[in-house]
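This report is for a reader who meets the structure for the first time. It takes up confidence, strand pairing, salt bridges and the surface in turn.

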Amino acid sequence: TVVEGEAFQLDVNSAVVTGAVKDGVGNLKISLFYVNGAGKRVTLGSSSVAMATSTKNYSLSISAAQARPAVGSQLGIEIDNVRDNGIGVDNVRLKTK
């Protein structure tokens, strides 16, 4: 549950494991979200990145001000492959600041 004044950092290790690497084209999308009182999913922040074939760390930071609307709600993590290649994801970490 999100508490007033909390900020978050999401770190994900990921790489392209099958298919072509498309330079400059984002294929990994990471997001933090919550579900509001009306049952609607609300994204607090997201990042899309172009991955390489070697594993790298990708991060998303959400400030306390950005997280304020989610106070009292559970926080969700979305990791999405938005292209037609296969990706590997490991070592997903969520830290509060």
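## Confidence and strands

The protein has an average pLDDT of 92, and 94% of the residues score at least 70; pLDDT is the predictor's confidence in each residue, on a scale from 0 to 100. This is a predicted model, in which local features need pLDDT of at least 70 and side-chain atom pairs count only at pLDDT 80 or more, while totals for chains, interfaces and linings use all residues. Residues are numbered from 1 along each chain as its sequence is written, and side-chain values use heavy atoms, with hydrogens and water left out.

Helices (H or I, at least four residues) and strands (E, at least two) are DSSP runs, numbered from the N terminus. Among the elements of the protein, the lowest mean pLDDT, 94, belongs to β1, and the highest, 97, to β4.

Three strands make an open sheet in the order β4-β1-β6, with antiparallel pairing. Its edge strands are β4 (56-62) and β6, each of which pairs on one side only. On average, neighbouring strands of this sheet are turned by 20 degrees against each other, direction ignored; the axes are lines fitted to C-alpha atoms, for helices over the stretch in contact, and angles run from 0 to 180 degrees between N-to-C directions. Two strands count as paired if DSSP finds at least two bridges between them. Strand β1 (residues 8-18) is joined to β4 by seven bridges, and the two run antiparallel. L10 stands opposite L60 in β4.

## Salt bridges

A search of the whole structure finds two salt bridges, a salt bridge being a side-chain nitrogen of Lys or Arg within 4 Å of a carboxyl oxygen of Asp or Glu.

| Salt bridge | Closest N and O atoms |
|---|---|
| R68 with E4 | 3.1 Å |
| E78 with R41 | 3.0 Å |

The pair of R68 and E4 links distant parts of the chain, 64 residues apart: R68 is in the loop between α1 (64-67) and β5, and E4 is in the segment before β1. R68 counts as partly exposed because its relative accessibility is 45%, and E4 counts as partly exposed at 48%. For these classes, buried means under 20% relative accessible area, exposed over 50%, and partly exposed in between (1.4 Å probe, protein chains only).

E78 lies in strand β5 and R41 in strand β3 (residues 41-49), so this pair ties together parts that are 37 residues apart in sequence. R41 is partly exposed, with 38% relative accessibility.

## Surface and single residues

I77, I79, V89, V92 and L94 make a nonpolar surface patch of about 350 Å². The elements giving two or more residues to the patch are β5 (76-81) and β6 (86-96), and β6 gives the most, with three residues. Patches are made of residues with over 30% relative accessible area and no salt bridge; like charges are joined within 9 Å, and nonpolar side chains (Val, Leu, Ile, Met, Phe, Trp, Tyr) within 5 Å. Accessible areas come from the Shrake-Rupley method with a 1.4 Å probe, and for residues only the protein chains shown count as cover.

V89 is in strand β6 and is partly exposed at 38% relative accessibility. N91 also lies in strand β6. N91 has a positive phi of about 55 degrees although it is not a glycine, and its relative accessibility of 40% makes N91 partly exposed.

Y34 is in strand β2 (residues 28-35) and counts as buried, at 8% relative accessibility. Y34 and V16 are 18 residues apart along the chain, and their C-alpha atoms are separated by 28 Å.
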